[in-house]
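Trainee: Hi, could you walk me through this one? I'd like to start with the strands and then move on to the charged pairs.

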Amino acid sequence: MRIVVQKVSQASVMIDADENQPETLEFNNLAEDERSINHGFVLLVGVEDADTDADVAWAAKKIAHMRIFEDDLGKMNRSILDVHGSILSISQFTVYANVKRGNRPSFTEAGSPEHAEKLWKQFNATLTKEYGIDVKTGIFASHMHVSLNNDGPVTIIVDSAIMRG
């Protein structure tokens with residue numbers, strides 16, 4: 001899993017409505033607070049086919065305990081758990097873009113949609129069930145408009161491939 005972690009003071013997501021996907025219409029009818037977070041993380045989550053349950057568990061633990069919020073002395077010493085922050089999780093296959101050749105990125109390293117959706121949902125559920133973090137999401141494979149105020153700015157990339165060696 002490759003995850004771009006952005007520490008935010010506010011973030012929200014809107015989905016382009018698609019009559020063929022009723023969930024997009026339902027999502028846009030949610031109250032504003034059901035599509036947005038304050039103080040916390042925006043996660044842009046990509047999955048590759050090599051990712052497993054172990055990658056999900058490792059990434060969720062790493063993000064839940066990552067100390068990038070300031071303590072009373074202004075040092076990055078507090079986790080999202082310590083500050084009772086929330087997460088806005090967005091599926092984002094483009095974090096696996098390969099730009100080695102040509103001018104058009106290749107996305108062949110991104111996982112199959114079925115596998116990616118399963119692990120993305122499992123990752124979000126792990127953050128909620130194992131760590132008690134309030135997680136809001138976009139809709140998998142939908143065109144989304146994400147708005148955020150990056151706090152710091154702090155942006156970190158977490159890649160579970162390092163766990164596998």
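Mentor: Happy to! Let's begin with a definition: two strands pair if DSSP finds at least two bridges between them. Strands (E, at least two residues) and helices (H or I, at least four) are DSSP runs, numbered from the N terminus. With that, phenylalanine 41 stands opposite isoleucine 87 in E5.

Trainee: What sort of model is it, and how are residues numbered?

Mentor: This is a predicted model, where local features need pLDDT of at least 70 and side-chain atom pairs count only at pLDDT 80 or more, while totals for chains, interfaces and linings use all residues. Residues are numbered from 1 along each chain as its sequence is written, and side-chain values use heavy atoms, without hydrogens and water.

Trainee: How many bridges join E2 to E5?

Mentor: There are 6, between residues 36–46 of E2 and 86–91 of E5, and the two strands run parallel.

Trainee: And what is the strand order in the whole sheet?

Mentor: The order is E6-E5-E2-E1-E7, an open sheet of 5 strands with mixed pairing. E6 (134–137) and E7 (144–159) each have a single partner strand, so one side of each has no neighbour in the sheet. On average, neighbouring strands are turned by 35° against each other, direction ignored.

Trainee: Which strands does helix H2 lie across?

Mentor: Helix H2 (residues 53–65) lies across E1 (2–15), E2, E5 and E7, at about 95° to E7. Axes here are lines fitted to C-alpha atoms, for helices over the stretch in contact (heavy atoms within 4.5 Å), and angles run from 0 to 180 degrees between N-to-C directions.

Trainee: Switching topic: how many salt bridges does the structure hold?

Mentor: It holds 4, counting a side-chain nitrogen of Lys or Arg within 4 Å of a carboxyl oxygen of Asp or Glu. One of them joins aspartate 159 and arginine 2, at 2.9 Å from N to O. Aspartate 159 is in E7 and arginine 2 in E1, so this pair ties together parts 157 residues apart in sequence.

Trainee: Is aspartate 159 buried or exposed?

Mentor: Buried, at 18% relative accessible area, whereas arginine 2 is partly exposed at 22%. Buried means under 20%, exposed over 50% and partly exposed in between, with a 1.4 Å probe and protein chains only.

Trainee: Where do glutamate 117 and lysine 121 lie?

Mentor: Both are in helix H4 (residues 113–131), 4 residues apart, about one turn of the helix.
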